[in-house]
Amino acid sequence: MRSESPAPKQTAEEEDFLSAVREGLRQRQKSIPPKFFYDARGSRLFDLICATPEYYPTRTETGILDRCGAEMAGLIGPSCTLIELGSGSAVKTPLLLRHLNDDSVYVPIDICEPQLLQSTQRLQALFPAIRMRPLCADYTRLPALELDEPDTLRRAVFFPGSTIGNYTPDEAVQLLRHAAQLSGSDGGLLIGVDCKKSPGLLNAAYNDASGYTAAFNLNLLARMQRELGAQLDPDGFEHYACYNTGKGRIEMHLVSRRKQAIRLDGESFPFEPGESIHTENSYKYTTQEFRQLARKAWWHPRMLWSDREGLFDVHYLSLNAAEPHHFPQQARC
Ligand code: AVI
């Protein structure tokens with residue numbers, strides 16, 4: 001009897017991707033969660049977006065960290081276990097690590113393993129004395145953080161890049177509560193938040209002239225073809241991003257150019273012309289709006305740094321109600 005070769009095994013991440021896409025495409029407003037942007041190609045495209053002249057958040061936050069990193073390190077540590085959520089290429093991290101003491105521990109957590117290992121290697125070469133414990137995981141699903149060494153240092157969560165904006169406000173509260181659990185009762189949180197501003201500036205940032213954001217969005221379709229064997233025509237869709245003033249968020253979509261279908265795992269998902277897959281929200285917050293959100297997750301605002309134009313905020317928050325706060329000396333750097 002001829003034995004059939006077994007179907008290629010899917011990794012847990014591919015299974016997760018398949019079920020998320022299948023579920024998302026079955027909805028009336030089709031959607032795919034933005035965490036699936038970040039395969040190796042998507043992560044490279046994201047780095048290119050960050051370097052475009054239109055995408056102000058990266059350079060603005062980098063400027064704030066560069067100018068005020070020493071003060072930040074003084075408040076969170078300067079000896080601490082620094083847990084970075086979604087560390088990616090960790091380009092901004094040295095701006096903080098360079099002010100931490102040598103007995104600190106750095107725990108980068110990211111879903112994209114090649115990038116995680118590469119960036120940790122680079123940081124370890126820059127900061128040989130700081131112990132580094134990279135963790136390849138979906139940080140939203142991490143139940144607790146067990147470290148090998150005795151855990152005597154205060155934990156501080158570092159969440160730069162305004163990634164918190166990619167969650168709905170309710171999800172953001174859940175995630176901030178999760179960060180509180182990871183950091184423990186004495187924990188601190190240093191988080192970058194993109195502020196509300198003119199729609200013109202926002203729309204330009206998500207529609208860069210080089211086309212990297214469009215390629216990043218469309219890469220989701222290519223990833224579905226590559227990893228899930230989806231049958232689709234990527235040229236049948238186009239990138240769309242626009243600020244929704246009422247909801248205070250940028251919305252990104254993949255819009256169908258014509259009547260067509262995506263076939264996936266024996267199922268067919270029809271599209272009318274103009275029908276879209278909603279791929280990302282990027283919420284923007286005023287300083288007060290974000291503080292209100294953080295309070296719902298037990299965090300107390302302690303310090304705020306922002307740029308001169310008020311484009312971007314870096315908040316420092318703590319769980320300890322007794323920790324002194326540093327307002328109103330909030331810095332505009
Ligand atoms: C990762 N995140 C904060 C980015 C943002 O601005 O929402 C992702 C991004 N999407 C398009 N451009 C950048």
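## Close-up views of a predicted chain

**View 1. Burial across the chain.** Of the 333 residues in the chain, 53% are buried (under 20% relative accessible area, with a 1.4 Å probe and protein chains only). This is a predicted model, where local features need pLDDT of at least 70, side-chain atom pairs count only at pLDDT 80 or more, and totals for chains, interfaces and linings use all residues. Numbering runs from 1 along each chain as its sequence is written, and side-chain values use heavy atoms, leaving out hydrogens and water.

**View 2. The overall fold.** Here you can find 9 helices and 15 strands (DSSP runs numbered from the N terminus: H or I of at least four residues for helices, E of at least two for strands). The radius of gyration is 21 Å, close to the 20 Å from the globule rule for 333 residues, so the chain is as compact as a globular protein of that length (taken over C-alpha atoms; the rule is 2.2 Å times the number of residues to the power 0.38). Along the principal axes, the C-alpha atoms fill a box of roughly 65 × 55 × 35 Å.

**View 3. The buried side of helix α2.** In α2 (residues 40-50), the buried residues are Gly 42, Ser 43, Leu 45, Ile 49 and Cys 50. They sit on the same side of α2, because their arc around the axis is only 160 degrees (judged by directions from the helix axis to the C-beta atoms). Their cover includes α3 (56-76), α5 (113-126) and α8 (212-228), with contact meaning heavy atoms within 4.5 Å.

**View 4. Contacts along the sequence.** Among contacts with a separation of 6 or more, 71% come from residues 24 or more positions apart.

Methods
Buried < 20%, exposed > 50% of the residue type's maximum accessible area, 1.4 Å probe, protein only.
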